[in-house]
Amino acid sequence: MDNLAVTQEVKPPNTKKGPVKWLKDNLLNTWYNAVLTCFALVFLFLVFQGVFTWVFTQAKWQVIPAYLQVFLTGPYPKEQIWQIWIVLCTLSVLLGLSAGIWHGLVFKLSIAIASIGLISLLIPLEIVNSIASIDLTFLFVPLEFVNKKIETEPGTLEFNLNIIHLIFFKRRWLLGSLVLLVVTFFLGRNKHVLKQWVIGGWILSFPWTMIMLHGFGENTVSTTNWGGLLLTLILATVGIVACFPLGVLLALGRRSQLPAIKWVSTIYIETVRGVPLITILFIGNIILPIFMPGDFQLDKVIRAMIGLTLFSAAYMAENVRGGLQAVPQGQVEAAQAVGLTYPKTMLFIVLPQALRSVIPAIVGQFIALFKDTSLVYIIPLFDLLGATKSVLGNPKWQGLQAEVYLFVAVIYFAFTYAMSSVSQKIEADLGVGKH
Amino acid sequence: MAENSTNIPFYRDIRFLKVFFQILFVIGIILLAGFLYSNMLNGLSRQGIKLDWAFLKSEAGFGISEGIDYDPSDSYLKAFWVGVVNTIRVSIVGICCATIIGFFFGIARLSSNWLIQKIAAIYVECFRNIPLLLQILFWAALIRSLPKAENSIVISDSIILNVQGIYLPSFEPGTGFTTWSWYLLGGVILAIIVVLGFAAFRHFGRDHELQQIDRPSFISHIIFGAKWTAAPTFLIVAIAGWFLTSEPPFVTTSPVLQRFGYVGGMNLSPEFSALLIGLAVYTSAFIAEVVRSGIQAVVKGQREAARAVGLKESQVLRLVVIPQAIPIIVPPLTSQFLNLTKNSSLAVAIGYPELFQVGETMMNQTGQSIPIIGMIMVSYLIMSLTTSVFMNWYNHRITRFGQSR
């Protein structure tokens with residue numbers, strides 16, 4: 001006790017925080033870092049000056065709203081757009097219910113989607129005014145309405161009425177989807193009974209989407225008219241959903257003890273991984289029709305889906321194999337000791353552990369697949385990237401490649417970036433890599 | 001008990017089942033292949049195409065805008081070879097550029113300078129998340145919108161950008177090259193003599209009292225000597241030769257503006273430039289990530305230990321961190337190189353005449369899509385295989401000395 005009394009009071013280390021301290025630590029900690037900071041600042045200034053001048057004074061962004069529908073749905077007929085809206089409404093219902101039931105990640109995701117929807121619902125009318133000569137059918141604003149709008153001044157009664165008209169009538173589908181999302185969220189809140197129904201709904205939503213988009217009877221929209229972001233998303237979803245089980249099977253096949261299965265899987269994986277995707281797409285597009293029996297011909301979009309799936313499955317197999325190798329042999333032996341059969345061992349013991357450890361690689365593969373769908377531009381199909389072709393082909397908009405490509409790049413970036421941040425959240429939730 | 005084990009019905013006997021399933025699987029594959037083959041014969045006969053390789057010898061009849069010597073009257077095989085060479089050309093240049101840029105940004109992401117770190121992170125995230133095809137189309141459009149030859153953008157008098165592509169000064173052997181190469185030969189011979197003498201001196205001259213087991217082999221002396229005596233000798237002779245040669249061994253030709261645009265120097269065509277920039281930038285973003293994670297994977301304790309024994313910060317990097325990071329970096333780096341080679345096939349969208357683009361033209365002209373696709377696939381497989389064999393050899397070489405990773 002004496003010692004304790006004698007010890008001098010030691011002050012805690014200086015943990016002062018503040019902008020000056022932060023600057024000293026992160027930008028000016030050594031002389032060469034200070035020099036680097038100066039160079040970087042000059043560089044950034046020049047880049048930002050150039051970019052901002054171009055974006056705000058030189059770029060002609062009118063081309064984007066003018067062709068918004070082409071970018072989003074390609075040559076999908078205007079009269080049938082309601083079919084897409086029905087699909088979107090269905091998905092909003094499912095998303096709202098899931099967000100209510102599971103909270104967490106799904107909730108954050110739907111918040112993000114809802115805010116994007118809200119922003120596009122409330123796109124300032126000034127912009128609509130300035131581009132009055134442009135066809136805005138995607139937003140269900142007929143031309144005469146837009147033309148009339150030029151005369152109305154902000155603040156007047158007519159202006160307000162027009163806003164109400166625009167939001168509640170012309171954009172009713174978008175508004176409807178948003179309302180459905182919110183309502184179903186509150187309906188589904190903490191109703192765990194609904195879990196199985198919602199999962200079933202998600203599974204059924206896939207054929208439902210296909211049927212609705214394709215339509216029936218006089219509302220049929222052939223797949224040749226699918227395009228834009230819609231086609232990109234469909235190709236990516238089908239590819240992701242289909243390549244995953246195929247990849248798992250190939251990975252199991254490659255690690256099989258039966259030589260015939262092992263060799264066939266290995267040769268398939270290595271061949272596909274050794275050639276570029278475009279050759280596989282060409283095989284699907286040009287050579288597959290030769291191999292089809294009789295007059296039976298597959299649709300061009302379906303052939304592209306097959307090409308993407310077969311290609312992606314080989315890469316998926318390698319990712320899964322990495323996970324399988326990380327599962328200790330003892331797990332398999334323990335499963336055999338308690339008498340599980342091979343399928344049960346794999347399904348309940350090995351795969352859950354294997355897949356968990358390779359989630360980052362698998363999501364990386366999904367992102368790559370999403371980017372790779374742009375290659376159907378070459379076949380050609382009119383996906384998001386292919387849509388630029390029809391826009392730039394119009395002599396009225398010549399020389400606007402930079403604007404168009406940047407806009408498309410931003411859309412791609414938004415999706416891939418969202419996917420990678422979702423993957424990071426999942427990783428954090430599962431605690432991958434923290435053993 | 002013994003009776004029981006023999007009484008297992010054959011349909012539950014694992015030894016039987018293993019063989020049975022494999023036979024079933026192989027039969028299934030053969031049936032599928034046979035079905036597709038008969039369909040193919042039907043389909044081809046419907047289209048009126050006969051499968052054979054004779055078309056390779058006939059005249060190609062289409063022009064190829066760049067590459068090795070070729071004439072439209074040459075055979076299809078020659079045209080295909082031009083495509084292969086063009087693919088290899090853009091891949092090798094692309095790999096070099098992407099590696100340099102990628103290492104630069106990968107190290108920049110680990111900088112202690114916040115600003116530099118963020119700039120590198122933004123670079124990586126932007127170019128990694130946007131489809132390569134879109135990037136290539138963008139660069140191609142950008143180059144096409146450059147000014148005409150009369151008002152080219154000139155950077156420091158030697159690099160010229162205009163709508164016809166990028167012009168760089170080229171280095172070519174000059175009049176004094178033959179003389180200088182004699183000096184080089186002399187340098188090589190002198191270096192060999194020096195290293196042999198050095199090794200002999202080390203091997204026989206000293207350390208006789210050492211135990212037989214401890215004595216390093218003659219080869220290891222040669223390897224040691226090659227680094228410390230032969231290389232400097234050769235360099236000294238080469239540099240001395242450079243100054244002793246009266247005429248310059250190399251000349252630089254800068255592009256000069258003439259009536260129909262720039263002449264001389266090295267011209268990268270617009271398509272090649274766009275493809276190269278696209279491939280290099282896109283792949284460099286991935287390489288930067290590989291480098292960053294490789295360096296971060298070196299256990300922190302290693303750095304701390306190195307600092308604790310008093311190494312300077314540069315020595316910590318050079319002697320401790322990098323030797324351990326390289327073996328982690330090399331395998332994913334290999335797959336990035338392979339990706340770059342395969343991605344060069346996207347040139348078909350902007351018309352750079354590489355393997356795939358030439359193959360597509362051939363398909364359109366002859367209708368022999370199956371053999372041509374086969375040739376394309378085999379070419380890519382050979383390239384992939386060569387690259388991975390080389391990188392595996394390199395990986396093996398650098399991980400040989402007691403690396404556990």
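Guide: A residue is called buried if 20 or more other C-beta atoms lie within 10 Å of its own, exposed if 12 or fewer do, and partly exposed in between, with C-beta atoms placed from the backbone. In chain B, buried residues make up 31% of the 405 residues. For chain A, 29% of the 435 residues count as buried. This is a predicted model, in which local features need pLDDT of at least 70 and side-chain atom pairs count only at pLDDT 80 or more, whereas totals for chains, interfaces and linings use all residues. Residues are numbered from 1 along each chain as its sequence is written, while chains are lettered from A and ligands numbered from 1 in the order in which they are written.

Visitor: How many helices and strands are there in chain B?

Guide: Helices (H or I, at least four residues) and strands (E, at least two) are DSSP runs, numbered from the N terminus. Chain B contains 12 helices and eight strands. With a radius of gyration of 29 Å, well over the 22 Å that the globule rule gives for 405 residues, chain B is therefore more spread out than a compact globule. That radius is taken over C-alpha atoms, and the rule is 2.2 Å times the number of residues to the power 0.38. The C-alpha trace of chain B spans about 90 × 75 × 50 Å along its principal axes. Chain A, for its part, has 21 helices and zero strands.

Visitor: Which residues touch the most other members of the largest nonpolar core?

Guide: In soluble globular proteins, nonpolar side chains tend to be buried together. A nonpolar core is here a set of buried Ala, Val, Leu, Ile, Met, Phe, Trp, Tyr and Cys residues joined through C-beta atoms within 7 Å. The largest has 137 residues, and L133(B), I136(B) and L275(B) touch the most other members. Helix α8 (residues 270-297) of chain B gives the most to this core, namely 16 residues. Another core, of 12 residues, lies apart from it and includes V93(A), L97(A), L174(A) and L180(A).

Visitor: With which residues is L275(B) in contact, leaving aside its neighbours within four places in sequence?

Guide: Two residues are in contact if their C-beta atoms, placed from the backbone, lie within 7 Å. On that basis L275(B) is in contact with V90(B), I136(B), S344(B), A347(B), I350(B) and Y352(B).

Visitor: How many residues does the contact take from chain B and from chain A?

Guide: Chain B contributes 41 residues and chain A contributes 41 residues. On the side of chain B that touches chain A, at least two residues each come from α2 (14-47), α4 (114-128), α5 (132-144), α10 (313-343) and α12 (369-398). The largest share of that side, 11 residues, belongs to α2(B). For classes, Ala, Val, Leu, Ile, Met, Phe, Trp, Tyr, Cys and Pro count as nonpolar, Asp, Glu, Lys and Arg as charged, and the others, Gly among them, as polar. The side of chain B that touches chain A then has 28 nonpolar, 11 polar and two charged residues.

Visitor: What does the domain assignment of chain A give?

Guide: Domain bounds come from an automatic or database domain assignment. In chain A this gives domain 1 (68-220) and domain 2 (222-429). Between them, 12 residues of domain 1 are in contact with 15 residues of domain 2. On the domain 1 side, α5(A) gives the most, with four residues. V70(A) lies in this helix, α5 (residues 68-73). V70(A) is buried, with 21 other C-beta atoms within 10 Å. Not counting residues up to four places away in sequence, V70(A) touches G228(A), A387(A), S390(A) and V391(A).
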